[in-house]
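Let's see how a few structural terms are applied, one at a time.

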Amino acid sequence: MKRSKKHLLVFPFLLLLAAGCSSGGGEMTSADKVDDGKPKAPVKLKVLFSNPGMTDEIFQQLIAEPVKQLYPHISFETIKFQTDFGLNELISAGEIPDLIYATPYIQSMLDSDIPLDLTEQLKKHNIDTSRFNPTIMDAIKSFGTKGEIYSLPYMSQSFALWYNKSIFDRFGVPYPKDGMTWDEAIELSKKLARVENGVQYRGMVATHGGIATFASSMSIELVDPKTSNALVSDRWDAVFAKGKALYDVVENRPLKLNASNVQLFVKDKTLAMAPYWTGGMIGNLALVKDLDWDVVQVPSFVEAPNKYYQVDYHQFVVSKTTKHIDDVMDVLKVVVSDEVQAKAARMGKETVLTNQSIIDQFAQDLDFVKGKNLKGIFKSQPSNMIYQSKYNGAVSGAINAAFNDVFEGKSDINSALRKAKEEADKKVAELKVQ
């Protein structure tokens, strides 16, 4: 299969460098020469960005330049994220990349037998996985049947509650605080939802991504690991009740249930509180100058105190077909080093490491966050990843559709969840015979 230049945007990045990281992958050191003192042979690594989270700027500052300081023999050919051209097309073309930058969900790659188990390579290259957030490492290991490590985490994603101080001041309502429950946040939102001078102010929109995302901090399983049957637990009753209570106030209802709350919060400035991913909100807030905002710890379910949504991270997967495994591992060693992770943290990227001194450097280079309650973001920890089945999407889709019926007044909670179970069972059964 011939690669089309129209659909495959390739940007070569020549990085004149080589490296080694000591202290279990924590500290970068220079080690570029072979035993006879001659430079290593040039190597070009192909990297696929399978999600849009990696920009050219981030790649240059947090991967290309650090590697350049240490590995002059390595260069990169990067394949940018496209919705209509990705790993499957590269597999068909016989051009599997050496590295794949991905979200946590790599089951389809495993089904295609792409990822390399890094367990032995991590030992060989002295990369200490105890440096990483244990919840992230548990999630990574969950994709292996025997604890295999099919990826290395690079950036983390947290959730926080962002709020517009001006709206609270306008209506004389106390600001939100760290440590709130969802019930407390919902009651607070009711005090803010109103129409004034023709403008509709909403207190909080918390179902961006669907009710299944809203509930993910509770780690409710969707599929039985033993039978692969759909699970629609009774625990969803309480989740639906909270979502319904939030939107029972007519003025608080979004026009569309699962629409992003960023538009209302950042651009329209009519939303008082927006639970949202930290990285995404920081990026949006960097573009506005007249929003008086602050941030607190995301509210918790009583059943899952101090937990934000299901663990989320960006990671690197190494292909089994790479012919440059030592060079690939050396690159990974650089990007998870303390130096690079600290630089990323100062830029507003969340480290995957447990090193508190690096966590404390979050966003220090960003002037627009000065004086904000950034420490509140880190008072919660991610919830455990649920069992990742290829049927999860079918079940969560049925649950999201059921809550939409409740939201639109088409069904009560009990009837909606019964329908969700029927629809999930039906869809999973169909998928099993495909």
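Helices (H or I, at least four residues) and strands (E, at least two) are DSSP runs, numbered from the N terminus. This is a predicted model, in which local features need pLDDT of at least 70, side-chain atom pairs count only at pLDDT 80 or more, and totals for chains, interfaces and linings use all residues. Residues are numbered from 1 along each chain as its sequence is written, and side-chain values use heavy atoms, with hydrogens and water left out.

Q: Where is Val340 found?
A: Val340 sits in helix α13, which covers residues 338-346.

Q: Why is Val340 called buried?
A: Buried means under 20% relative accessible area, exposed over 50%, and partly exposed in between (1.4 Å probe, protein chains only). Val340 has a relative accessible area of 3%, so Val340 counts as buried.

Q: What separates the C-alpha atoms of Val340 and Val67?
A: A distance of 9.8 Å, although the two residues are 273 residues apart along the chain.

Q: What makes β8 and β12 a pair?
A: Two strands pair if DSSP finds at least two bridges between them. Five bridges join β8 (residues 159-164) to β12, so the two strands pair, and they run antiparallel. Ala160 stands opposite Gln297 in β12.

Q: What is the order of the strands in the open sheet of five?
A: The order is β9-β10-β11-β8-β12, with mixed pairing.

Q: Why are β9 and β12 called edge strands?
A: Strands β9 (194-196) and β12 (293-297) each pair on one side only.
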